[in-house]
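Here are my notes on the model you sent over.

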Protein chains: 2
Amino acid sequence: MCQLHNFRPKRDPCSAANINEITVEHTAIKWTVSFQLKMIIGQATLRCRCLTDATKLVLDVRDLSIRSVSINGVDCDFRIAPNVYTFFGSKMSVYLPPQFQKAGTILQVTVAYGTSPDATALQWMKKEQTADKRMPYLFSQCQAIHARSIVPCMDTPSVKSTYEAEVTVPTGMTCLMSAIGQGSKGDDDTTTFFYKQPVAIPSYLIAIVVGCLEKRDISDRCAVWAEPSVVDKAHWEFAETEDILASAEEIAGKYIWGRYDMVCLPPSFPFGGMENPCLTFLTPTLIAGDRSLVSVIAHEIAHSWSGNLVTNSSWEHFWLNEGFTMFIERKICGRLVSEDYRQFMAFNGWTNSLIPAVYEQFTPTHQFTKLIQDHTNVDPDVAFSCVPYEKGSALLFYLEQKLGGSEIFEAYLKDYLKTFAHQAIDSWQWKDHLYKYFADQKEVLDTVNFDLWFNGVGMPPEKPNYGQSMVEACEVLLKKWLAADESTVGDITSEDYYAMQPLQQIELLSQLWQHDPPIEHYKLDALNKLYKLNDSQNSELLLNWLRLCIKSKWEECIPKALDFVNSQGRLKFCRPIYRDLAQWPIANKKARDVYLKGRSQMHPITAEMIAKDLHIRHSTHTVCF
Amino acid sequence: MCQLHNFRPKRDPCSAANINEITVEHTAIKWTVSFQLKMIIGQATLRCRCLTDATKLVLDVRDLSIRSVSINGVDCDFRIAPNVYTFFGSKMSVYLPPQFQKAGTILQVTVAYGTSPDATALQWMKKEQTADKRMPYLFSQCQAIHARSIVPCMDTPSVKSTYEAEVTVPTGMTCLMSAIGQGSKGDDDTTTFFYKQPVAIPSYLIAIVVGCLEKRDISDRCAVWAEPSVVDKAHWEFAETEDILASAEEIAGKYIWGRYDMVCLPPSFPFGGMENPCLTFLTPTLIAGDRSLVSVIAHEIAHSWSGNLVTNSSWEHFWLNEGFTMFIERKICGRLVSEDYRQFMAFNGWTNSLIPAVYEQFTPTHQFTKLIQDHTNVDPDVAFSCVPYEKGSALLFYLEQKLGGSEIFEAYLKDYLKTFAHQAIDSWQWKDHLYKYFADQKEVLDTVNFDLWFNGVGMPPEKPNYGQSMVEACEVLLKKWLAADESTVGDITSEDYYAMQPLQQIELLSQLWQHDPPIEHYKLDALNKLYKLNDSQNSELLLNWLRLCIKSKWEECIPKALDFVNSQGRLKFCRPIYRDLAQWPIANKKARDVYLKGRSQMHPITAEMIAKDLHIRHSTHTVCF
Ligand SMILES: [Zn+2]
Ligand SMILES: [Zn+2]
């Protein structure tokens, strides 16, 4: 009775899997990696539990070549049906023999298959594309719905499975996965690496890197991997990882994943970081030389709880992953730097991330500006933006202030993470728990317009109060620059700028960029000369500086901007710059040329999204490879 | 009305294809060959014609990894269902969108796929396994039902399709196919070869070889290919090919295939030859150094009419391919040598092939001794034997004598080949035509018990009269050997033996082998010393010599016998020797050891059949490769 009462069917419009009939509990992978064919060949055995008297198992696949499917060792019928939208891949139905069509049955379903060279989860790099040019390189990015292009699975965050893997790669190369290493063995030709992930995780957290990789230890449980020429720089840049992890544990509870290793990927990695369990993936653009960008580490570490332990049940509730993670990230930085800094970070997120996303990337009436989204027939990569990160984080920041401040809210946060650990939940489950936890503050909660926060488009219905102490320095300096004219601009000196935190410098540039009319060219020239902006190794700062220049149509910046988008593939940097350049007639063709030239070396996700931004309709892949 | 009257549904129990609803008219192949993964990756586009308002296209596949299926460029649903018997592979159903479900519709069905490293049609050889040890080697053997392991197809001889192919291989290697070459292009890494087969052929005649290959021209339309160290020997051995082809044309009509090339394969090729159109595959065991085995060339050339032009509609009527081909082969040899020789060859086939097949390989009540067989749930490789060759050939030899001799029967033969050219027929269509052609000899035909010839087990109901002139020399010599004792055996001299044709020498050894009690060891020793039998380069002769020794349990021969089966993989030689050794307790373990040791380097068909003969149950392949 009680169980029936609790049962609510899971929903994930981005998956065809029959998750309410069968679930996957464990996945055993055997892969051989062929750099020549750009294929992973092998098999996956899914231990499935029938929840009902199901007649078939439905899995997500995308561009997989399926050789055979067996259940408990016996070959069986299967059917592949392409989805209407190609970005969902195909639906693979495995027909269960009658004796298995019974709730409670455990099935070992083995799929022998190969991936496509166009597998959207994978980037295959020739050795010439790597830092050291010694060996080819492979890395995966499964979030949101790309796991299905490397493994047949229930490709929804609402299904969690433990996994193990045996991966055979050419000898000399290292294979890393989002799991705990169990050693390797091999001969002169090939080496097989063994991994186990004993914590049940959603499919999007399966991850693999293969390359010429070296390791540097940071602490007993933390290390960083990178190509030999990069590894020492990365080791220095991320040396504070153990401290960040310890801070995170204070806030969120014990770290349960065993190891927290990081791998610094090639520049084409599309994200700042990806929270693959036991092995965070990081963009090399974080290596600023001054540890100024380690908040990304705090972010990925925070995902060890929000996202990896308490998981959104579908990408429609992505804010549960990212809003919470932004909130915890800033909590960590608050502890490591100061509460003022946390306030400033949150303010910065509102002004420099959320506002541009709502007004610029979308429009304030666009459905993707909603906190809870409807992903029916929607490619989550297209819906992806800062909105779930910053609108979600703003909601929590707002609630913290409403419900009694930091201490009270941190206790709530711990309870929330503990309550839903190892589960996948939606926004309503989150809200139910919030009401239950703050039962004594029901009247306060009732004053929050959750309907507008959840379902309203545009900016949130309320703006939290952000401590302004660190913003003030930015505004003082901003006024100096705005007040200067051609004859006085030379009087501005650099001390106050260099006294600021990098994030404050970025805020200054962002405010200059937001100013109308656009900043005059002579001022841009003066800014560049005074602050050596073009030479900055801080890519976040460069992004803001280049956008400022482009807005002012300062032609001098075009080569630098093209160089910037060409030298790395992080979506956060490439999409705005490409979009800015595309809207500037004089730069549009150059941007398209750079894109088309670099495209074959780009990550498939990046290539696809920039193509959309540049209105380049790319030809269908020919299937012969 | 007339059409309806003529329509009889095609039957092929070895194919799951819906051949009575849809047919394949053209097959366009694009393949990339990976020696590293032992896979062919690519696609096949089948131009299909709907014969009825079919809702699906059903194709045969075996161990293929299917990536996608499209019809006229649009991805569509498909289903793979394994057959009950794994040797039939699986049934691939492609669901036709409603607008295509109409008789007369032409569909372009593209299947993107990869083969399995265990594809039964393919043998992948490491360079160490080749004669020159310079490059790896790949060759195919699709007959009877292995084409489905390299291309999704209607894998039945009753469906004929033209084909074209683009095959990409590592640069430096040559790709040959059963088609007319259209040149090649490539770069430092890979070279693509283009082929076209403009004559519609059944799937079992699709063939590929990739290796380090050189060519030697024999005539304007004939050449031989082989590895560099073998090609000149092969060129000498097969120099008479153009003459044989010209003789064949006199008997069977114009040669329509353009080129008649041959490729001399590595020793593991399981057959004497395979009549792949435009490119006969040959075993290197034919290179005897004395052109004594070129009747195999005559056989393969004869298939250019019987088999490749007039084709058995299923393997149940295999005698239409092989009985006719043996008959024409002997006609050719009769013209090139003498009519006496043809008579002797036919006699030899009866006594040394058909009798052992009926009494030794099977039993006289075994269903596989029938001319027309029932292959429901039967693996044609298991049913394969000399029976359709020799019982079929004997029927034609018998009919020739009954119906008025050589001249009359050759005119009939030409008419038969012309009537059914480009078709696939069964035994009843053959018989209908025979009655029609010999309408004036109906009474004679009515005295032939066709029911017993077609459906009777054991030896045929009638034995043809074989001219005995060439047998007599063998019998004289046989008597000498049988009459000799330990004191007189040294008096036998070698002139009469060396005066005989190789086939007569073989006949002598065969008769000695058939003799009971078995020949004494001292006689075997004397035979060997006098005729240098152990040193013979003629593998047919070696086969008979070794069987004779084994029957006498002459232990000295065991190393030679093991060496013989280990040095080549021709089924005709390996199966009897392995079977003989297996039945001899002292040799059984050694035979099994040699098999198990050599197995990984054997052709998959050979490995499978010898395992059955040796009663070695081989473990299921693990699917992870
Ligand atoms: Zn995140
Ligand atoms: Zn033949």
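1. Is A:H303 buried or exposed? A:H303 counts as buried, because its relative accessibility is 0%, and the cut-off for buried is under 20%. Keep in mind that this is a predicted model. As for its place in the fold, A:H303 sits in the loop between helix 4 and strand 21 (310-312) of chain A. Setting aside neighbours within four places in sequence, A:H303 touches A:E275, A:N308, A:L309, A:N321, A:E322 and A:T325.

2. A:H303 also turns up in the annotation. The UniProt record, an unreviewed entry, puts the feature "binding site" at A:H299, A:H303 and A:E322. These residues span 24 residues in sequence, but no two of their C-alpha atoms are more than 9.1 Å apart, so they gather at one spot. If you want to check this by contacts, A:E322 is among the partners of A:H303, and A:E322 is also in contact with A:H299.

3. Now for A:H299 itself. This residue lies in helix 4 (residues 295-302) of chain A. A:H299 is buried, with a relative accessible area of 7%. Once neighbours within four places in sequence are left out, A:H299 is in contact with A:E322, A:T325, A:M326, A:E329 and A:Y389.

4. How much of helix 4 of chain A is covered? Seven of its eight residues are buried, so the helix is mostly covered. The buried ones are A:V296, A:I297, A:A298, A:H299, A:E300, A:I301 and A:A302. The cover over these residues includes helix 3 (241-252), helix 5 (318-336) and helix 8 (387-402) of chain A. Strands contribute as well, including strand 18 (260-264), strand 19 (273-274) and strand 20 (279-282) of chain A.

5. Helix 3 of chain A packs against helix 4 of chain A at about 45°, and their axes are 10 Å apart. That angle makes helix 3 of chain A oblique to helix 4 of chain A. The crossing of this pair is right-handed. On the helix 3 side of chain A, the contact uses A:T241, A:I244, A:L245 and A:A248, and on the helix 4 side A:I297, A:A298 and A:I301. By class, that contact has six nonpolar residues, one polar and no charged ones.

6. Have a look at another helix pair. Helix 6 (residues 339-361) and helix 15 (residues 502-514) of chain A pack at an angle of about 30°, with axes 11 Å apart. This makes helix 6 of chain A roughly parallel to helix 15 of chain A. Their crossing is left-handed. From helix 6 of chain A come A:Y341, A:F344, A:M345, A:F347, A:N348, A:T351, A:N352 and A:E360, which meet A:L503, A:Q504, A:E507, A:S510, A:W513 and A:Q514 of helix 15 of chain A. The class make-up of this contact is six nonpolar, six polar and two charged residues.

7. Last, a residue in chain B. B:A499 is in the loop between helix 14 (495-498) and helix 15 (502-514) of chain B. Is B:A499 buried or exposed? B:A499 is exposed, with a relative accessible area of 67%.

Conventions:
Residues are numbered from 1 along each chain as its sequence is written. Chains are lettered from A and ligands numbered from 1 in the order in which they are written. This is a predicted model: local features need pLDDT of at least 70, side-chain atom pairs count only at pLDDT 80 or more; totals for chains, interfaces and linings use all residues. Side-chain values use heavy atoms; hydrogens and water are left out. Axes are lines fitted to C-alpha atoms, for helices over the stretch in contact, and angles run from 0 to 180 degrees between N-to-C directions. Helices (H or I, at least four residues) and strands (E, at least two) are DSSP runs, numbered from the N terminus. Angles under 35 degrees count as roughly parallel, over 145 as roughly antiparallel, 65 to 115 as roughly perpendicular and the rest as oblique. A crossing is left-handed if the near helix is turned anticlockwise from the far one by less than a right angle, and right-handed if clockwise. Contact means heavy atoms within 4.5 Å. Ala, Val, Leu, Ile, Met, Phe, Trp, Tyr, Cys and Pro count as nonpolar, Asp, Glu, Lys and Arg as charged, and the others, Gly among them, as polar. Buried means under 20% relative accessible area, exposed over 50%, partly exposed in between (1.4 Å probe, protein chains only). UniProt positions are given in the numbering used here, feature names are shortened, and annotations may be inferred rather than shown by experiment.
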